[in-house]
Amino acid sequence: MAQDVADGPGPNLVIEIAGETSGTVVIDLLEDIAPEHVAQIVALAEEGAYDGVVFHRVIEGFMAQTGDVEFGKAGGDMSMAGRGGSERGEIRAEFSDVPFDRGIVGMARSQDPNSANSQFFIMFDEGYFLNGQYTVFGRVVEGMDIVDTIKLGKGANGSVIGEPDQMMSVRVAK
């Protein structure tokens, strides 16, 4: 399916989401904009690290965050979700002039701009205050209607209470 998407050279990240919403989201990975980030995301997806990881922070009108491969697996203790990463190490910022428009996918990080690892977020709407502060590495090219229905966070700072929606499987289509 994703290989038929006329969206540029790829690779594409194909995410099967399940929970209160379900469906397929396809993200065109912008390796010409953020090659190190794309390489890390592709490696984690190919390892199966993202399978079963929840959307732990979802803020209406802003973004849905996922990708905590350490503490964000469905069915486990979610109290630390959003604080973990992979064993692959942190990635230096790869800022670009691509604006944070609706459907843009950016890399989450701590206060240090060079601390991205495995977590990422998908924009529900524009967030230009993020421009030059976070690395853009992808763009949703299919399934934005699914992203729009990801279970919203009702807890502190957008944390999802109860059973969050999850990425059942994440694969790479080249």
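Which residue's side chain meets that of Glu16 in a salt bridge? In this predicted model, the partner turns out to be Arg171, with N and O 3.9 Å apart. The pair links distant parts of the chain, as Arg171 sits in strand E9 (residues 166-173) and Glu16 in strand E1 (residues 12-18), 155 residues apart. Arg171 is partly exposed at a relative accessible area of 41%, and Glu16 is partly exposed too, at 25%.

That contact is one of five salt bridges that a search of the whole structure turns up. Another joins Glu20 to Lys151, where the closest N and O atoms are 3.6 Å apart. Glu20 belongs to the loop between E1 and strand E2 (23-29), and Lys151 to the loop between helix H2 (144-147) and E9, so this bridge ties together parts 131 residues apart in sequence.

Asp148 is partly exposed at 38% relative accessibility, and so is Arg102 at 42%.

The largest pocket comes in at a volume of about 620 Å³. Its lining takes in 32 residues, with His56, Arg57, Gln65, Gly82 and Gln119 nearest the centre. By type, the lining splits into 13 nonpolar, 15 polar and four charged residues.

Methods:
Residues are numbered from 1 along each chain as its sequence is written. This is a predicted model: local features need pLDDT of at least 70, side-chain atom pairs count only at pLDDT 80 or more; totals for chains, interfaces and linings use all residues. Side-chain values use heavy atoms; hydrogens and water are left out. On a 1 Å grid over the protein atoms alone, a cavity is a set of points where a 1.4 Å probe fits but cannot get out, and a pocket is an open set with protein on both sides within 12 Å along at least five of seven lines; lining residues have an atom within 4 Å of a point. Grid points are joined across faces, edges and corners, and a volume is the space filled by probe spheres set on the points. Ala, Val, Leu, Ile, Met, Phe, Trp, Tyr, Cys and Pro count as nonpolar, Asp, Glu, Lys and Arg as charged, and the others, Gly among them, as polar. A salt bridge is a side-chain nitrogen of Lys or Arg within 4 Å of a carboxyl oxygen of Asp or Glu. Helices (H or I, at least four residues) and strands (E, at least two) are DSSP runs, numbered from the N terminus. Buried means under 20% relative accessible area, exposed over 50%, partly exposed in between (1.4 Å probe, protein chains only).
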